[in-house]
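Subject: Structure for your files

Hello,

The structure we talked about is below. My notes on it follow.

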Amino acid sequence: MYAGNDNSAHVMRQIEQLKYEAEQTGYEGDLDSALMLLDQAAALADQCIDPSGMGLVWRGRANVLGAHGFGAESLEAFQVAAAIYAEYSTPFEVAKTRTGEIYALGHLERFDDAVALAEWLRPQFVDFPQGLAFVESNLAQVLMWAMRDEEALAGFERAYQLFAQLDAPLWMARTLHHMGITAQNLDRLEQARTYYQQAYAGLKAADDTYSVVRVERNLTFLNLREGNLQEALDYLMQARVSAEALPPDGQDAAALDLLEARIRRALNQNATAERLLQQSLAIYRPRGFRIESAQIWVELAHVWLDDPTVTNLTRALDALEQAETLLTTLNVPLLLGLVQLEQGEILHKLGRDDRAIERARVAMRPFIDHGLALREAQAVTLLADCTWKLEPDTAKAHYQHALDLSGDAAPLISVRCRHGLGRLAAARGAIDSAESHFAHALDLLDTMRRNLNTHHHQAGFLDDKQQIGEELLAALHTQADNATRVARVLHWVEHFKARALADLLVEQPLTDDDLDQHLHDLLTEREAIATAYDQRVAVATASSSAQLIATGQRAAVVADSDARTQDELAQLRRQLHQLDDCLAAANNTAYAWRSGRQNDLTNVHDLLDSNTMLLSYYIADGQLHVLTASDTLDDLVLTPLEVSLPTVEATWRQSRRWVIRPKRNRRDVQKRLAQLYDWLLAPLETRIGEKSRLIILPHSSLFHIPFAGLYDGFHEQYAVERWTIQIAPSATIWQYCRRLLPSSPKTERPLLLGYPGEPEQSDYLPAVNAEIDSLLTLLPDADALRNADATQDALLQQMAQRPLIHLAGHIYYDAAHSLGSGMPLAGGRWLRASDLYLRFGRLQGATVVLSGCDSARVQSLGGDVLGLTSAFLYAGAAGLVAGLWKVDDAATAQLMTAFYRAWLDGRDSAEALRQAQLDLLRSDDFALPYFWAAFTLNGDARHLL
């Protein structure tokens, strides 16, 4: 078999070169090409006199297969190579070959076998540092997989010293990377970061893209653990970009999806997180990766527990049982302890505290044995959470011990401890102490939130942190019998309302014109993907499987299209989100935080006049409350409403079905709107007195309530008949809007845009052109973009420095992706909320009128609202007139004409909107709330310049 070629040395060099090329190709992710190179080497080895040539080929095959997660195949290849060397070469060559078996056995989770093999091999390499270095390195990796991290770190340190003696910078960098992983497993996060950064520099210098991706993955996880979510997202995106230079690899994709799922869950984007986890599991499980599969089952349990229905609770428990079953077959006590700790967390949420305490104590043992302070702190915190009601002194000691263990190195643990200490202080009536602990927890959360650049991520991060705020307000309510305490309530209510958007508005500079080349390139790439996305939407809309429905309403109605189209749209949407994150992270002044700025209301009374009352809704002790303020100093009153937010939400969901139908019986509609009036406004009638204007700051889903349309059954009148009503996300944002200086009337003119769609479309809106014609009669100096001229590019170029911007046409609210909401325009492009989030302050105090349906609908996250409302406020609008549901085309055109007539008569925009609504209410055709109550003014009311 091996005879026939006398030029054995030359052939061996060729085989060695092909093996080297194959391994490098395989390490870079291209398995198929690597195996093809090894097949070429095998063909040469068949002709070679020296049998070790075939041994080299099998060693190369083993290394390549092992790098791609094929543990069984890799082990078999090493064994074939060792058998060849055993027959034809020296024991030393056999030992050198078998160093790779250590790694392969570890991949197969045969940890004891791997350790035994390494112990046998060590004496073989006393005088051969390179072989000993690989023994130490491979064994350390096995120990790391077995969660024996102290031993692993010591082994990597020995390997690093040996590679340094050999002057092997690439292997030194790879070893530093593994040292970082091990230090991170030991909760030595700063040490881990140092190792990762040193490894990152070395691997980039060596152009080892395959390893660079892995360092970027681990830096993602490290920042996630430290609460640096934006930095975690940045490294994740960089890892995805780096991975694009490598051939597709399922294992790498699964690891990145698992990491992204953890981040998305931290941002309360659970649907995305679950999809990514299922993708990862579909890759890991068939390959027999028990540890990774167990981690995914734990993460899935977390996702399902965030929506604790009976079905999801059952799924979460089943998921943890799956994880425990996988891990009990392995000798990994630390990882098993983590699963047991998660079981305890879930049992606590289910109210089974005795069982949760038992799980926490069992889980804690390996953490203490291995010196994992942060994990021990989590277990101790769980013990405190389970005991604080019945054993407050014990719980207090547990919380303090957990803080001593973790400090602020694990901010979410610290938040839980501060939250718990605040509850304990509130329970014993120590309100100042309770407020101090709650405030500390909220400061930690704000610090984490501020690391996120985009409004969507910030709002999502705060979504499930509202309980702390509600408990803080409930504690303050117990002593809300003096002006100082009520003022503290105002401070905290304002703190929780649209905090992320308020910070973005108050703390950023007023321009984003300074774009460097990197930002320009990102924007160019985003424009290309956004165009492709809008074109794909147009194709889906025109296809037979996604028919447009002619409704006579100003809302784009797109039916579900086929699965392939949905997948394509989802992929394009994901690329857009990633680019928006990149833009936010870049050196763009529109996203740069300015230190030292405080977001706090100076004096709410200064914002009000004698005719105006401010109503700020919030939750404390599970019930809705409202804080009212007038222009009189210290005139602040807290009023409990004796109704919960879920009750109001359920009632509005039922009532909405009646309100948004144009042919409902008037009395039936009024009856349903009267119930909401009785809850939300009737208890305040005496307090409001003769005031004629209400500034309403809703809470959460109350943004969807048509306050102007609520019906006073006793006096038989709608709220709009008694008051002029304005809406604002918070008093801070309203104050900000009021301070925006309007454009000069001498130099700038209103901008009108009308796009009814194309005449051949079934949802064509003929009233849009009639509306623009009518407005041009009222506003003869206005500039108009109509029909084919109403493009996205023209609108974005011309919208700056306008006192008024009027947009008429279809508007689409995307409930699943709120920042994808927008308006289709000529040329196939849309104006979306995400486009406006790239243009901070461009509108410079304009009043924007969205003469379309669903334009005021928002997604409520963490006290913030996401949608076109937040996007236009972010882009610099002082006020926004928009609609809460799909309204008749003709009624909208009539309301808008009446609105502008009243505005031109000298009323401000809020008064003008009220007058237009009254005109329709008193008409024969459009008297029902369906036709007029949808429209709201969000922000500041302005006089028409």
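**Two loop residues with positive phi**

Asp207 sits in the loop that runs between α10 (189–205) and α11 (209–225). This is a predicted model, and the notes should be read with that in mind. Phi of Asp207 is near 60°, a positive value in a residue that is not glycine. For background, most residues other than glycine have a negative phi. Is Asp207 buried or exposed? Its relative accessibility is 57%, and the cut-off for exposed is over 50%, so Asp207 counts as exposed.

Asn787 also has a positive phi, about 50°, and is not a glycine. The loop that holds Asn787 lies between β9 (783–786) and α34 (792–798). With a relative accessible area of 31%, Asn787 is partly exposed.

**The pair α12 and α13**

Helix α12 covers residues 229–243 and helix α13 covers residues 250–266. Their axes come within 11 Å and cross at roughly 155°. Angles over 145 degrees count as roughly antiparallel, and α12 and α13 are therefore roughly antiparallel to each other. The crossing of the two helices is left-handed.

Which residues meet where α12 and α13 are in contact? From α12 they are Leu229, Ala232, Leu233, Leu236, Ala239, Arg240 and Ala243. From α13 they are Leu256, Asp257, Leu259, Glu260, Ile263, Arg264 and Ala266. Sorted by class, this contact has 10 nonpolar and 4 charged residues, and no polar ones.

An α-helix has 3.6 residues a turn, so residues three or four places apart point the same way.

**The whole protein**

The protein has 945 residues, of which 59% count as buried. It contains 39 helices and 17 strands. Taking contacts between residues at least 6 apart in sequence, 71% join residues at least 24 apart.

Regards

Notes: Residues are numbered from 1 along each chain as its sequence is written. This is a predicted model: local features need pLDDT of at least 70, side-chain atom pairs count only at pLDDT 80 or more; totals for chains, interfaces and linings use all residues. Side-chain values use heavy atoms; hydrogens and water are left out. Axes are lines fitted to C-alpha atoms, for helices over the stretch in contact, and angles run from 0 to 180 degrees between N-to-C directions. Helices (H or I, at least four residues) and strands (E, at least two) are DSSP runs, numbered from the N terminus. Angles under 35 degrees count as roughly parallel, over 145 as roughly antiparallel, 65 to 115 as roughly perpendicular and the rest as oblique. A crossing is left-handed if the near helix is turned anticlockwise from the far one by less than a right angle, and right-handed if clockwise. Contact means heavy atoms within 4.5 Å. Ala, Val, Leu, Ile, Met, Phe, Trp, Tyr, Cys and Pro count as nonpolar, Asp, Glu, Lys and Arg as charged, and the others, Gly among them, as polar. Buried means under 20% relative accessible area, exposed over 50%, partly exposed in between (1.4 Å probe, protein chains only).
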